[in-house]
Amino acid sequence: MAGSGATAPQIVKIPRVLVVDAAVTASAVLFPALLTIPQDADFEWWWWAISRTSALLKMLLTESGTSRQMIFPGSQLTAGTQFLGVNVDNLAGTVAGNGSFPIAVPYVMPASRQYTHQFSDTSAAPNTVEVVYHGFALLAVPQS
Amino acid sequence: MSTFLSRLLFKDGPPPASPDGGPPLRPLMLPRIIATFENIFAVSGNTAADNQKDVYIEGDGSVFDGAIQGGTPTWIPCDFLPLGPSKTGRSKMALPDNFTLLAFFASASSNVKGGFRVNVYDINRRIRLTERPVNFNLMGGTGNSPLFLGGDWGPSRMALPYQFQPFNAQVMITIVNLETVNNSIEFGLYGIQGGHPAAS
């Protein structure tokens, strides 16, 4: 920018909450639900909260743009089984219950990028789940 | 000397004029103080007590800011579906490259007699991360009540993540089922993949 006369935009953090809702069918395996980051700004992820009908629910999370997995299998799978992720109650808590899960090292999710959630139910009943991302929109504001 | 607080409390006169001869200096106003709060969720999400899960500092950032920046949040679970009554299970967990441990997580379907105990061992460095098997709730907490690594919580707010060997890192976990029934157990590691040490 030096010598061009232009100035870099200032980044302003605006509180923002992103929500993923899914009505997972009974005994579903890898039931998909998509989160798309709004186009207007990158999103800085600070907290995670999940509500669900039954705790017998596992989840996988993948960043679509990079195919980057966020949940890895920790042990070798026996033949004929597939990795279904983490129990949702181990991933995050509810804000009302006891405070949501802090990501601890906030993660920036680029604008317009998609994140794939895959739910697997073992409750044998419909499971309504809501995944909530708390954080900040990183709005670029031109400097006057 | 007249300060903002003394003017507010004792009304000891108007703010002094600018040395440049311009208008009086603006006093420090409440909105400007509020504008310095970086994370409003620190209040709503953190607990009133100063627990280990309170990793964000109001008006500042994360307690890990001094140790690591960037990277991707990563969960690595290990399931025993189920572990038999009073049985011991072991599993060698392969970790993704450049993994830094921030916390554990754990759950058990039965928790009448304490659920289970767990021992964590860094295979590459031959270091035990637990001196002896620890009750799972004291080790990992849960999703809504996680326990983060860090010895000196409180006013000093020190927290130190643990970096495993960059490549081919493995941990051995040993799980002891304390229940006399089948127990569906999940134990795992939460941390950051990638990232880099913060500049000192």
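G71(B) belongs to the loop between β1 (68–69) and β2 (72–83) of chain B.

What does G71(B) touch, once its neighbours within four places in sequence are set aside? The contacts are I192(B), Q193(B), G194(B) and G195(B), plus V105(A) from the other chain. Take G194(B) from that list: 123 residues separate G194(B) from G71(B) along the chain, yet their C-alpha atoms are 4.5 Å apart.

Of the contacts in chain B with a separation of 6 or more, 70% are between residues 24 or more positions apart. Chain B has 200 residues, and 34% of them count as buried. Its secondary structure consists of four helices and 13 strands.

One is the peptide bond from L81(B) to P82(B), which is cis, with omega near -10°. P82(B) sits in strand β2 of chain B. The other is R126(B), where phi is near 55°, a positive value in a residue that is not glycine. R126(B) is part of the loop between β5 (116–122) and β6 (127–128) of chain B. Is R126(B) buried or exposed? R126(B) counts as exposed, because there are 7 C-beta neighbours inside 10 Å and the cut-off for exposed is 12 or fewer.

Now chain A. Chain A has two helices and nine strands. Along the sequence the pattern is β-β-β-β-β-β-α-α-β-β-β, so you can see both helices sitting together between strands. The C-alpha trace of chain A spans about 65 × 35 × 25 Å along its principal axes. Chain A has 144 residues, and buried residues make up 35% of them. For contacts in chain A between residues at least 6 apart in sequence, 87% join residues at least 24 apart.

Next, a sheet in chain A. In what order do its four strands lie? The order is β1-β9-β3-β7, in an open sheet with antiparallel pairing. The edges are β1 (10–24) and β7 (101–109) of chain A; each has a single partner strand, so one side of each has no neighbour in the sheet. On average, neighbouring strands of this sheet are turned by 25° against each other, direction ignored.

β1(A) and strand β9 (residues 127–141) of chain A run antiparallel and are joined by 15 bridges. Q10(A) stands opposite V141(A) in β9(A). V12(A) is also in strand β1 of chain A. Leaving aside neighbours within four places in sequence, V12(A) is in contact with L139(A) and V141(A). V12(A) and L139(A) are 127 residues apart along the chain, but 5.1 Å separates their C-alpha atoms. V12(A) is exposed, because 12 other C-beta atoms lie within 10 Å, and 12 or fewer is the cut-off.

S112(A) is exposed as well, with 12 other C-beta atoms within 10 Å. S112(A) is found in the loop between β7 and β8 of chain A. Its phi is near 75°, positive although the residue is not glycine.

The largest nonpolar core has 71 residues, and the ones touching the most other members are W48(A), L91(A) and V118(B). The strand that gives the most to this core is β4 (residues 99–108) of chain B, with eight residues. As for W48(A), beyond its neighbours within four places in sequence, its contacts are L91(A), A92(A), S100(A), F101(A), I103(A) and Y133(A).

Where in chain A is confidence lowest, and where highest? The lowest is helix α2 (residues 95–98) of chain A, at a mean of 58, and the highest is strand β8 (residues 114–121) of chain A, at 97. Where pLDDT is low, the predicted coordinates should not be read in detail.

Key. Residues numbered from 1 in each chain as written. Chains lettered and ligands numbered in written order. Predicted model: local features only at pLDDT ≥ 70, side-chain atom pairs only at ≥ 80, totals over all residues. Buried ≥ 20, exposed ≤ 12 C-beta atoms within 10 Å, placed from the backbone. Contact = placed C-beta atoms within 7 Å. Pairing = 2+ DSSP bridges. Axes fitted to C-alpha atoms, helices over the stretch in contact; angles between N-to-C directions. pLDDT = per-residue confidence, 0-100. Core = buried A, V, L, I, M, F, W, Y, C linked by C-beta atoms within 7 Å.
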